[in-house]
Amino acid sequence: MKTLSLCILLFSIGLSQAQAPNSSNQIQETVQLIFPASEFNANTIFSMKNINGDVRVTGYKGDEILITGTKTVWKKRGDIEESEAEKVYLAKYQFQNKIYAYIQAPGVEMREKHGDLRFNWNSNGRDKNRVQFEFNLELQVPFYLMSKISTINGGEVLVRNMRNGVSANNVNGNIILQEISGETHANTVNGDISVLFAENPETDASFKTVNGEIEIEALQNLSAIVTFQSLHGDLYTDFENIHHLPNRIKQTSDEGSKKFKVEQTSPIKIGDGGPIISFQIVNGSAFIKQRKL
(Lines give C-alpha, C1' and ligand atoms only; values in the text may rest on other atoms or scores of the structure.)
Protein backbone atom coordinates (compact mmCIF):
# COMPACT_ATOMS: atom_id res chain seq x y z
CA MET A 1 0.00 0.00 0.00
CA LYS A 2 1.33 3.41 -0.91
CA THR A 3 1.66 6.35 1.44
CA LEU A 4 -0.06 9.71 1.62
CA SER A 5 2.03 12.88 1.95
CA LEU A 6 0.75 16.39 2.64
CA CYS A 7 2.70 18.34 0.07
CA ILE A 8 2.64 19.64 -3.46
CA LEU A 9 4.99 18.28 -6.06
CA LEU A 10 4.83 19.82 -9.51
CA PHE A 11 5.70 18.03 -12.67
CA SER A 12 5.63 19.07 -16.30
CA ILE A 13 3.54 17.17 -18.77
CA GLY A 14 5.28 16.13 -21.96
CA LEU A 15 3.22 16.85 -25.04
CA SER A 16 3.29 14.24 -27.75
CA GLN A 17 2.70 15.03 -31.38
CA ALA A 18 2.18 12.35 -34.00
CA GLN A 19 3.78 13.27 -37.30
CA ALA A 20 3.87 11.77 -40.74
CA PRO A 21 7.26 11.20 -42.37
CA ASN A 22 8.80 14.29 -43.95
CA SER A 23 8.39 13.09 -47.50
CA SER A 24 7.02 14.37 -50.75
CA ASN A 25 5.26 11.03 -51.11
CA GLN A 26 2.24 12.05 -49.05
CA ILE A 27 -1.07 13.78 -49.54
CA GLN A 28 -2.26 16.39 -47.07
CA GLU A 29 -5.57 18.22 -47.11
CA THR A 30 -7.86 20.13 -44.79
CA VAL A 31 -10.98 18.47 -43.44
CA GLN A 32 -14.23 19.81 -42.07
CA LEU A 33 -17.31 18.23 -40.56
CA ILE A 34 -20.36 19.99 -39.09
CA PHE A 35 -23.21 18.72 -36.95
CA PRO A 36 -25.97 21.36 -37.21
CA ALA A 37 -28.12 22.14 -34.18
CA SER A 38 -31.04 20.24 -35.73
CA GLU A 39 -29.15 16.94 -35.31
CA PHE A 40 -28.81 16.95 -31.50
CA ASN A 41 -30.21 18.32 -28.25
CA ALA A 42 -29.06 18.99 -24.71
CA ASN A 43 -29.32 15.30 -23.80
CA THR A 44 -27.25 14.05 -26.74
CA ILE A 45 -23.93 12.31 -26.07
CA PHE A 46 -21.21 13.31 -28.53
CA SER A 47 -18.25 11.03 -29.35
CA MET A 48 -15.12 11.84 -31.33
CA LYS A 49 -13.08 8.74 -32.20
CA ASN A 50 -9.71 9.51 -33.74
CA ILE A 51 -7.06 6.87 -34.45
CA ASN A 52 -3.75 8.63 -35.19
CA GLY A 53 -3.15 12.23 -34.18
CA ASP A 54 -4.30 14.97 -31.82
CA VAL A 55 -7.83 15.85 -30.76
CA ARG A 56 -8.36 19.30 -29.23
CA VAL A 57 -11.86 20.18 -28.03
CA THR A 58 -13.12 23.55 -26.84
CA GLY A 59 -16.56 24.00 -25.32
CA TYR A 60 -18.35 27.14 -26.52
CA LYS A 61 -21.75 28.83 -26.47
CA GLY A 62 -22.59 28.04 -30.09
CA ASP A 63 -25.24 25.61 -31.27
CA GLU A 64 -23.24 23.54 -33.80
CA ILE A 65 -20.45 20.99 -33.52
CA LEU A 66 -17.62 22.21 -35.74
CA ILE A 67 -14.69 19.95 -36.63
CA THR A 68 -11.73 21.17 -38.65
CA GLY A 69 -8.19 19.94 -39.12
CA THR A 70 -5.73 18.24 -41.41
CA LYS A 71 -5.59 14.79 -42.93
CA THR A 72 -2.24 13.35 -43.97
CA VAL A 73 -1.96 10.04 -45.83
CA TRP A 74 1.13 8.22 -47.07
CA LYS A 75 2.62 4.78 -47.62
CA LYS A 76 5.77 3.28 -46.18
CA ARG A 77 6.61 1.91 -49.59
CA GLY A 78 5.51 3.05 -53.00
CA ASP A 79 3.51 6.03 -54.21
CA ILE A 80 0.09 6.84 -52.84
CA GLU A 81 -2.73 7.48 -55.28
CA GLU A 82 -5.58 9.95 -54.90
CA SER A 83 -8.04 7.06 -55.08
CA GLU A 84 -6.34 5.46 -52.05
CA ALA A 85 -6.37 8.71 -50.09
CA GLU A 86 -10.09 9.14 -50.74
CA LYS A 87 -10.81 5.93 -48.83
CA VAL A 88 -9.61 7.63 -45.63
CA TYR A 89 -11.96 10.33 -44.42
CA LEU A 90 -13.75 11.93 -41.48
CA ALA A 91 -17.27 10.54 -41.13
CA LYS A 92 -20.29 10.92 -38.86
CA TYR A 93 -23.01 8.63 -37.61
CA GLN A 94 -26.16 9.03 -35.51
CA PHE A 95 -27.60 6.29 -33.32
CA GLN A 96 -30.46 6.81 -30.90
CA ASN A 97 -29.55 9.93 -28.90
CA LYS A 98 -25.83 9.64 -29.65
CA ILE A 99 -23.76 11.19 -32.40
CA TYR A 100 -20.33 10.09 -33.53
CA ALA A 101 -17.50 11.57 -35.54
CA TYR A 102 -14.93 8.96 -36.50
CA ILE A 103 -12.20 8.03 -38.96
CA GLN A 104 -13.29 5.81 -41.81
CA ALA A 105 -10.39 3.92 -43.38
CA PRO A 106 -9.50 0.48 -44.73
CA GLY A 107 -9.46 -1.90 -41.79
CA VAL A 108 -12.00 0.10 -39.73
CA GLU A 109 -15.17 -1.78 -38.86
CA MET A 110 -18.15 -0.24 -37.11
CA ARG A 111 -20.86 -2.15 -35.27
CA GLU A 112 -23.62 -1.47 -32.79
CA LYS A 113 -23.54 -3.23 -29.42
CA HIS A 114 -25.62 -2.61 -26.30
CA GLY A 115 -26.81 0.76 -27.54
CA ASP A 116 -23.34 2.00 -28.39
CA LEU A 117 -21.19 2.20 -31.50
CA ARG A 118 -18.07 0.07 -31.36
CA PHE A 119 -15.04 0.38 -33.63
CA ASN A 120 -12.52 -2.27 -34.60
CA TRP A 121 -9.35 -1.22 -36.39
CA ASN A 122 -7.08 -3.78 -38.01
CA SER A 123 -3.89 -1.82 -38.65
CA ASN A 124 -2.13 -4.74 -40.40
CA GLY A 125 1.20 -3.19 -39.49
CA ARG A 126 3.26 -5.75 -41.42
CA ASP A 127 1.83 -4.62 -44.75
CA LYS A 128 4.21 -1.89 -45.96
CA ASN A 129 1.94 -1.18 -48.92
CA ARG A 130 -1.03 -0.17 -46.79
CA VAL A 131 -2.13 3.43 -46.50
CA GLN A 132 -0.92 5.24 -43.38
CA PHE A 133 -2.92 8.19 -42.06
CA GLU A 134 -3.03 10.87 -39.40
CA PHE A 135 -5.75 13.36 -38.45
CA ASN A 136 -5.02 16.39 -36.27
CA LEU A 137 -8.39 17.82 -35.31
CA GLU A 138 -9.79 20.96 -33.67
CA LEU A 139 -13.36 20.81 -32.36
CA GLN A 140 -15.80 23.39 -31.11
CA VAL A 141 -18.56 21.69 -29.15
CA PRO A 142 -21.50 23.25 -27.28
CA PHE A 143 -20.32 23.28 -23.67
CA TYR A 144 -23.48 21.60 -22.33
CA LEU A 145 -22.99 18.29 -24.17
CA MET A 146 -21.63 15.16 -22.53
CA SER A 147 -18.54 14.32 -24.62
CA LYS A 148 -16.47 11.20 -25.19
CA ILE A 149 -13.16 12.00 -26.85
CA SER A 150 -10.47 9.53 -27.88
CA THR A 151 -7.40 8.89 -29.98
CA ILE A 152 -4.99 5.96 -30.07
CA ASN A 153 -1.52 6.67 -31.44
CA GLY A 154 0.92 9.56 -31.46
CA GLY A 155 -1.51 12.21 -30.34
CA GLU A 156 -2.81 14.17 -27.39
CA VAL A 157 -6.36 14.55 -26.11
CA LEU A 158 -7.02 18.11 -24.92
CA VAL A 159 -10.50 19.15 -23.74
CA ARG A 160 -11.38 22.63 -22.45
CA ASN A 161 -14.51 24.25 -21.02
CA MET A 162 -16.90 21.29 -21.17
CA ARG A 163 -19.39 21.50 -18.30
CA ASN A 164 -21.59 18.39 -18.53
CA GLY A 165 -19.03 15.63 -18.25
CA VAL A 166 -16.08 14.27 -20.22
CA SER A 167 -14.82 10.78 -20.91
CA ALA A 168 -11.33 10.91 -22.46
CA ASN A 169 -9.29 7.97 -23.72
CA ASN A 170 -5.86 7.59 -25.24
CA VAL A 171 -3.32 4.81 -25.66
CA ASN A 172 0.03 6.36 -26.54
CA GLY A 173 -0.27 9.95 -25.43
CA ASN A 174 -1.36 12.42 -22.77
CA ILE A 175 -4.80 13.58 -21.66
CA ILE A 176 -5.32 17.19 -20.57
CA LEU A 177 -8.71 18.36 -19.27
CA GLN A 178 -9.11 22.04 -18.40
CA GLU A 179 -12.05 23.88 -16.79
CA ILE A 180 -14.10 20.68 -16.64
CA SER A 181 -17.18 19.87 -14.60
CA GLY A 182 -19.68 17.03 -14.50
CA GLU A 183 -18.94 13.30 -14.64
CA THR A 184 -15.27 12.91 -15.53
CA HIS A 185 -13.21 9.89 -16.56
CA ALA A 186 -9.78 9.69 -18.20
CA ASN A 187 -7.86 6.60 -19.24
CA THR A 188 -4.54 6.25 -21.08
CA VAL A 189 -1.79 3.64 -21.22
CA ASN A 190 1.44 5.47 -21.95
CA GLY A 191 0.95 9.06 -20.93
CA ASP A 192 0.16 11.59 -18.21
CA ILE A 193 -3.28 12.85 -17.15
CA SER A 194 -3.86 16.45 -16.05
CA VAL A 195 -7.27 17.70 -14.88
CA LEU A 196 -8.34 21.19 -13.83
CA PHE A 197 -11.84 21.19 -12.36
CA ALA A 198 -14.04 24.26 -12.82
CA GLU A 199 -16.37 22.83 -10.16
CA ASN A 200 -15.73 20.09 -7.65
CA PRO A 201 -17.00 16.64 -8.65
CA GLU A 202 -20.52 15.77 -7.54
CA THR A 203 -20.39 12.27 -9.04
CA ASP A 204 -17.67 9.62 -9.04
CA ALA A 205 -14.58 10.32 -11.16
CA SER A 206 -11.86 7.91 -12.29
CA PHE A 207 -8.36 8.34 -13.70
CA LYS A 208 -6.15 5.52 -14.99
CA THR A 209 -2.74 5.24 -16.60
CA VAL A 210 -0.16 2.48 -16.80
CA ASN A 211 3.00 4.51 -17.41
CA GLY A 212 2.56 8.11 -16.38
CA GLU A 213 1.49 10.48 -13.62
CA ILE A 214 -1.89 11.96 -12.76
CA GLU A 215 -2.38 15.53 -11.52
CA ILE A 216 -5.77 16.82 -10.38
CA GLU A 217 -6.61 20.37 -9.27
CA ALA A 218 -9.87 20.90 -7.38
CA LEU A 219 -11.44 23.80 -5.51
CA GLN A 220 -10.44 24.33 -1.88
CA ASN A 221 -13.83 23.20 -0.52
CA LEU A 222 -13.48 19.73 -2.05
CA SER A 223 -15.31 16.93 -0.24
CA ALA A 224 -14.62 13.47 -1.62
CA ILE A 225 -13.39 9.96 -0.96
CA VAL A 226 -10.07 9.38 -2.73
CA THR A 227 -8.80 5.89 -3.54
CA PHE A 228 -5.32 5.20 -4.90
CA GLN A 229 -3.64 2.13 -6.38
CA SER A 230 -0.09 2.03 -7.72
CA LEU A 231 2.70 -0.52 -7.89
CA HIS A 232 5.48 2.06 -8.19
CA GLY A 233 4.28 5.45 -7.03
CA ASP A 234 2.73 7.52 -4.26
CA LEU A 235 -0.22 9.83 -3.65
CA TYR A 236 0.50 13.47 -2.75
CA THR A 237 -1.85 16.27 -1.70
CA ASP A 238 -1.89 19.68 -0.04
CA PHE A 239 -5.46 19.35 1.25
CA GLU A 240 -5.34 19.44 5.04
CA ASN A 241 -8.78 18.26 6.20
CA ILE A 242 -7.93 14.61 5.59
CA HIS A 243 -8.89 11.39 7.38
CA HIS A 244 -7.53 7.96 6.61
CA LEU A 245 -10.20 5.30 6.06
CA PRO A 246 -9.97 1.53 6.43
CA ASN A 247 -9.63 -0.50 3.27
CA ARG A 248 -13.02 -1.34 1.84
CA ILE A 249 -14.42 -4.86 1.97
CA LYS A 250 -16.26 -6.07 -1.12
CA GLN A 251 -18.76 -8.89 -0.67
CA THR A 252 -19.42 -11.43 -3.43
CA SER A 253 -21.45 -14.63 -3.58
CA ASP A 254 -20.36 -17.97 -5.01
CA GLU A 255 -22.78 -20.94 -5.04
CA GLY A 256 -24.57 -19.80 -1.92
CA SER A 257 -21.47 -18.91 0.06
CA LYS A 258 -20.23 -15.40 0.75
CA LYS A 259 -16.78 -14.12 -0.05
CA PHE A 260 -15.15 -10.96 1.19
CA LYS A 261 -12.34 -9.18 -0.61
CA VAL A 262 -10.30 -6.42 1.00
CA GLU A 263 -9.61 -3.75 -1.61
CA GLN A 264 -6.08 -2.38 -1.31
CA THR A 265 -6.86 1.16 -2.42
CA SER A 266 -5.47 3.43 0.36
CA PRO A 267 -8.74 5.36 0.81
CA ILE A 268 -8.81 8.80 2.39
CA LYS A 269 -11.62 11.24 3.09
CA ILE A 270 -11.19 14.89 2.16
CA GLY A 271 -13.56 17.28 3.92
CA ASP A 272 -16.93 15.68 4.58
CA GLY A 273 -16.44 12.95 2.00
CA GLY A 274 -18.72 12.47 -0.98
CA PRO A 275 -18.14 11.14 -4.50
CA ILE A 276 -15.27 8.74 -5.08
CA ILE A 277 -12.23 10.01 -6.97
CA SER A 278 -10.19 6.96 -7.94
CA PHE A 279 -6.61 6.79 -9.19
CA GLN A 280 -5.16 3.64 -10.76
CA ILE A 281 -1.53 3.66 -11.88
CA VAL A 282 1.10 1.00 -12.44
CA ASN A 283 4.25 3.10 -12.82
CA GLY A 284 3.74 6.63 -11.54
CA SER A 285 2.38 8.87 -8.79
CA ALA A 286 -0.80 10.90 -8.34
CA PHE A 287 -1.20 14.50 -7.19
CA ILE A 288 -4.44 16.04 -5.95
CA LYS A 289 -4.02 19.75 -5.26
CA GLN A 290 -5.96 22.79 -4.22
CA ARG A 291 -6.66 25.07 -7.13
CA LYS A 292 -5.41 28.60 -6.58
CA LEU A 293 -8.04 31.08 -7.87
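How many helices and strands does the protein chain have?

Guide: This is a predicted model. The protein chain has 1 helix and 26 strands. It counts 293 residues, and 47% of them are buried. Look next at the contacts between residues at least 6 apart in sequence: 62% of these join residues at least 24 apart.

Now the surface. The accessible surface of the protein chain is about 14600 Å². Carbon and sulfur atoms hold 45% of that area.

Take the charged part. Four residues gather there in a surface patch of negative charge: D79, E81, E82 and E86. Pick out E81. The loop that holds E81 runs between β5 (65–75) and α1 (82–85). E81 has a relative accessible area of 46%, so this residue is partly exposed. Patch members need over 30% relative accessible area, and E81 has 46%.

Follow V210 back to its element: strand β17, residues 205–211. V210 is partly exposed too, with a relative accessible area of 30%.

E81 sits in a loop, and V210 sits in a strand.

How values were computed:
Residues numbered from 1 in each chain as written. Predicted model: local features only at pLDDT ≥ 70, side-chain atom pairs only at ≥ 80, totals over all residues. Heavy atoms only, no water. Patch = residues over 30% accessible without salt bridge, like charges linked within 9 Å, V, L, I, M, F, W, Y side chains within 5 Å. Areas by Shrake-Rupley, 256 points an atom, 1.4 Å probe, with all protein chains shown as cover. Salt bridge = Lys/Arg side-chain N within 4 Å of Asp/Glu carboxyl O. Lys, Arg positive; Asp, Glu negative; His and termini not counted. Charge placed at Lys NZ, Arg CZ, Asp CG, Glu CD. Helix = DSSP H or I, 4+ residues; strand = E, 2+ residues; numbered from the N terminus. Buried < 20%, exposed > 50% of the residue type's maximum accessible area, 1.4 Å probe, protein only. Contact = heavy atoms within 4.5 Å.
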